[in-house]
Amino acid sequence: MKFLTTDEFEALQSETGVTFQELKTAVEQSEKLVDIYTRRYYAQKNFESENPFVKDCVKDAVREQVRFLIRNNVNYLEEINDVPQSLTIGRTTISNASKYSNAVKGATKSIASIGFIDTLSATGLLYRGVE
């Protein structure tokens, strides 16, 4: 785990009530998403020497994303949009319009939760030119 300490991991496990392996997978996927959204900022910078405010925001973003993945019963980011929007068997059509907008054909759900993006936005890490 790149961003969460062992104590933070255990606290998150108690909060979510999932197994160690399920939480480990969710944390790894959330950390991968931090790398994607920050364009691998922490591949070049030491996270431990980061400003405490930014560290806390990144940790909060990881926790938000973990909760989002667990709430949606997703182990890997690719699974978020695996559910088809509609299924037709003969003359019967079942539509999954509750997850997607009716107005947009082929709309997909974001892989990042709103809390994840909001929390990272406060740090300036989403803007690559900022040091």
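Contact, in this presentation, means heavy atoms within 4.5 Å. With that in place, V58 touches F3, V34, Y42, F47, L120 and L125, leaving aside residues up to four places away in sequence.

A word on the basis of these values. This is a predicted model, in which local features need pLDDT of at least 70 and side-chain atom pairs count only at pLDDT 80 or more, while totals for chains, interfaces and linings use all residues. Residues are numbered from 1 along each chain as its sequence is written, and side-chain values use heavy atoms, with hydrogens and water left out.

I turn to the overall architecture. The protein has five helices and two strands, where helices (H or I, at least four residues) and strands (E, at least two) are DSSP runs numbered from the N terminus. Read from the N terminus, the order is α-α-α-α-β-β-α. Of the contacts in the protein with a separation of 6 or more, 66% join residues 24 or more positions apart. Buried residues (under 20% relative accessible area, with a 1.4 Å probe and protein chains only) make up 36% of the 131 residues.

Next, the core. A nonpolar core is a set of buried Ala, Val, Leu, Ile, Met, Phe, Trp, Tyr and Cys residues joined through side-chain atoms within 4.5 Å. The largest one holds 27 residues, and Y42 and V58 touch the most other members. At least two residues come from each of α1, α2, α3 (41-44), α4 (52-71) and α5 (114-121); α4 gives the most, with seven.

Finally, two helix pairs. How do α1 and α2 pack? Helix α1 (residues 6-16) and helix α2 (residues 20-37) meet at an angle of about 115 degrees, their axes 10 Å apart; axes are lines fitted to C-alpha atoms over the stretch in contact, and angles run from 0 to 180 degrees between N-to-C directions. The pair is therefore roughly perpendicular, a class that spans 65 to 115 degrees. From α1 come F9, L12, Q13 and T16, and from α2 come F20, L23, K24 and V27. These contact residues divide into five nonpolar, two polar and one charged, with Asp, Glu, Lys and Arg counted as charged, Ala, Val, Leu, Ile, Met, Phe, Trp, Tyr, Cys and Pro as nonpolar, and the others, Gly among them, as polar.

For α1 and α4, the angle is about 30 degrees and the axes lie 12 Å apart, so α1 is roughly parallel to α4, the class for angles under 35 degrees. Here E8, L12, E15 and T16 of α1 meet K59, R63, V66, R67 and I70 of α4. The contact comprises three nonpolar, one polar and five charged residues.

Conventions: Parallel < 35°, antiparallel > 145°, perpendicular 65-115°, else oblique. Buried < 20%, exposed > 50% of the residue type's maximum accessible area, 1.4 Å probe, protein only.
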